[in-house]
Amino acid sequence: MSRRDAILGTHRGAILDAAHRHNATSIALVGSTARGGDTETSDCDFLADFAPGTTYFDLSDLVAELQSLLGCEVDVIPSEGLKPRKHARILADAVPL
């Protein structure tokens, strides 16, 4: 089973639960894992929308929880912080959970 399949199948519910516990209103898989081009050493990248009032601690706790769950490095990118030219490219690969 590919990492993408595991994230979208096996771990989907746990990822969504973690995201909601840490104030994410939506989360999507992006990057090489979303495209199916990841390797064993690749990290997993997620793009998330967060509720107003979300803190850095919410974001860092979400990253830590996802790393523990998935067993790899994880980056969570808040969508509001993306530059417009990168936003379109990242969204093109996004797989909502």
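**Note on side-chain pairs and burial in a predicted model**

1. The structure holds one aromatic pair. Ring centres of Phe, Tyr or Trp (its six-membered ring) must lie within 6.5 Å to pair; planes under 30 degrees apart count as stacked, over 60 as edge-to-face and the rest as tilted. The partners are Y56 and F57, in an edge-to-face arrangement, with 6.4 Å centre to centre and 65° between the planes. Y56 is exposed, and so is F57. Exposed means over 50% relative accessible area, buried under 20%, and partly exposed in between (1.4 Å probe, protein chains only).

2. A word on the basis. This is a predicted model, in which local features need pLDDT of at least 70 and side-chain atom pairs count only at pLDDT 80 or more, while totals for chains, interfaces and linings use all residues. Numbering runs from 1 along each chain as its sequence is written, and side-chain values use heavy atoms, with hydrogens and water left out.

3. How many salt bridges are there? The count comes to three. The rule asks for a side-chain nitrogen of Lys or Arg within 4 Å of a carboxyl oxygen of Asp or Glu. One of them joins R3 and D38, at 3.9 Å, N to O. R3 lies in helix α1 (residues 3-10) and D38 in the loop between α3 (31-35) and β2, so this pair ties together parts that are 35 residues apart in sequence. Helices (H or I, at least four residues) and strands (E, at least two) are DSSP runs, numbered from the N terminus.

4. E65 and R21 also meet through their side chains in a salt bridge, at 2.1 Å, N to O. E65 belongs to helix α4 and R21 to helix α2 (residues 12-21), so the pair ties together parts that are 44 residues apart in sequence. E65 is partly exposed, with a relative accessible area of 27%.

5. R35 and D93 form a salt bridge at 2.8 Å, N to O. Which elements does the pair tie together? R35 lies in helix α3 and D93 in helix α5 (residues 84-93), so the parts tied together are 58 residues apart in sequence. R35 is exposed at 54% relative accessible area. D93 counts as partly exposed, at 23% relative accessibility.

6. D58 deserves a look. Its place is in helix α4. D58 counts as buried, at 15% relative accessibility. Yet D58 has no salt bridge; R21, the nearest side chain of opposite charge, is 10 Å away. For charge, Lys and Arg count as positive and Asp and Glu as negative; His and the chain ends are not counted.

7. What does the side chain of D58 make a polar contact with? The partner is the side chain of N23, at 3.0 Å. A polar contact is a pair of N or O atoms within 3.5 Å; within protein, one must be able to donate a hydrogen and the other to accept it, and residues adjacent in sequence count only if both atoms are side-chain atoms. The backbone nitrogen of T55 lies 2.9 Å from a polar atom of the D58 side chain. Leaving aside neighbours within four places in sequence, D58 is in contact (heavy atoms within 4.5 Å) with H22, N23 and G53.

8. N23 lies in the loop between α2 and β1 (24-30). Its phi is positive, about 70°, although N23 is not a glycine. N23 counts as partly exposed, at 31% relative accessibility.

9. A51 sits in the loop between β2 (44-50) and α4 (56-70). Neighbours within four places in sequence aside, A51 is in contact with N23 and T25. A51 counts as partly exposed, at 24% relative accessibility. From A51 to A88 the C-alpha to C-alpha distance is 21 Å, and the two are 37 residues apart in sequence.

10. Last, the cysteines. A search of the whole structure finds zero disulfides. C44 is in no disulfide; the nearest cysteine sulfur, that of C72, is 3.5 Å away. A disulfide requires a pair of cysteine sulfur atoms within 2.5 Å. Is C44 buried or exposed? C44 is buried, with a relative accessible area of 0%. C72 also counts as buried, at 13% relative accessibility.
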